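Student: Could you walk me through a few features of this model and how to read each one?

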Amino acid sequence: MTAFKPLVFSGVQPTGNLHLGNYLGAIRKFVALQENNDCIYCVVDLHSITAQLVHEDLPGQIRSIAAAFIASGIDPEKHIVFNQSAVPQHAELAWIFNCVARIGWMNRMTQFKDKAGKDRENASLGLLAYPSLMAADILVYRATHVPVGDDQKQHLELARDIAMKFNLDFQTKIRSAGTGVDIVVGEEPVHAYFPMVEPLIEGPAPRVMSLRDGTKKMSKSDPSDLSRINLMDDADTISKKIRKAKTDPDALPGEVEGLQGRPEAENLVGIYAALADTSKAKVLSEFGGQQFSTFKPALVDLAVSVLSPITGEMRRLMEDTSHIDAILRRGGERARERAEKTMAEVADIIGFLR
């Protein structure tokens, strides 16, 4: 092999209902990426137990994410859709990466500090080590690109650090095994088994904020259901939530600069722009000077027109889950075939007898 074959990998945790922010920030990008890339999309159920071990309906949550993938337009025949726990090589490579990564690296992960809070001693070991599993998710397929948001950039850097350390530590054995690729990292030539995975940042990602507080991200965990638009919400519910969304008394400005200091107005304009696949400036050129009593109904119509087909297909798929289960089972088989090859080669490089 003279170069790593381009491959896109990404995953979504099955925790709670998917909402508009998940769709605009991740899933819609997955759909676009599949047009020109080889893609693997994963429901990362192993990650879902790092912070919450016991789930009321984990199978249902896994199926719901898969249904959202399919309903949004991801093609499970051309690409691979599966749930992470169906491929044990994820956990197997994660253990090896636990031995590659340094404790100091893990302690610097800001998401662990945020999620563990002040009671770090009571956090699970899985929560501390989960970036190592994320690296394994990507590199067990030797994926070259990952679409990431701001909150995952640090974890992707860690995946690159782990890959680099493995490549350097085993460089001689990788060359002997004949499974590596000559690459240059900075100015340093390296004979690498794992690629230096690159982030895929397709323009500015829409930051979808709470409908009740424009300074907070839209979240599954917010106690108020009015704070978010769930992908399973019907048209009446979407209309109700947008009509009740917090705003301010002023009219919409004619220029983007006029949104500064108006987080709720900026959020609704941003949602409209993202759903219409246009810019905030173009939205304001149409609605500038108008009151929210005019803008909100237009946003309702747009949101319903974009989301209703997805919601309807998700509901249909969830009524009879046999189709989703078949997709996940077949996707797991295809993913496992690739992962088994990687782990066999990693075992040879390390020196495990098999």
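Student: Where does I49 lie?

Tutor: I49 sits in the loop between strand 2 (39-43) and helix 2 (58-72); helices (H or I, at least four residues) and strands (E, at least two) are DSSP runs, numbered from the N terminus. This is a predicted model, where local features need pLDDT of at least 70, side-chain atom pairs count only at pLDDT 80 or more, and totals for chains, interfaces and linings use all residues. Residues are numbered from 1 along each chain as its sequence is written, and side-chain values use heavy atoms, with hydrogens and water left out.

Student: Is I49 buried, exposed or partly exposed?

Tutor: Buried means under 20% relative accessible area, exposed over 50%, and partly exposed in between (1.4 Å probe, protein chains only). I49 has 34%, so I49 is partly exposed.

Student: What about N83 and its contacts?

Tutor: N83 is in strand 3 (residues 80-83) and is buried, at 14% relative accessibility. Contact means heavy atoms within 4.5 Å. Leaving aside neighbours within four places in sequence, N83 touches C42, V43, D45, I62 and L328.

Student: How should I read a positive phi?

Tutor: Most residues other than glycine have a negative phi. Here R142 has a positive phi near 50°, and D277 has one near 55°.

Student: Where are these two, and are they buried or exposed?

Tutor: R142 is in the loop between helix 6 (125-139) and strand 4 (145-147), and is buried at 10% relative accessibility. D277 lies in the loop between helix 10 and helix 11, and is exposed at 67%.
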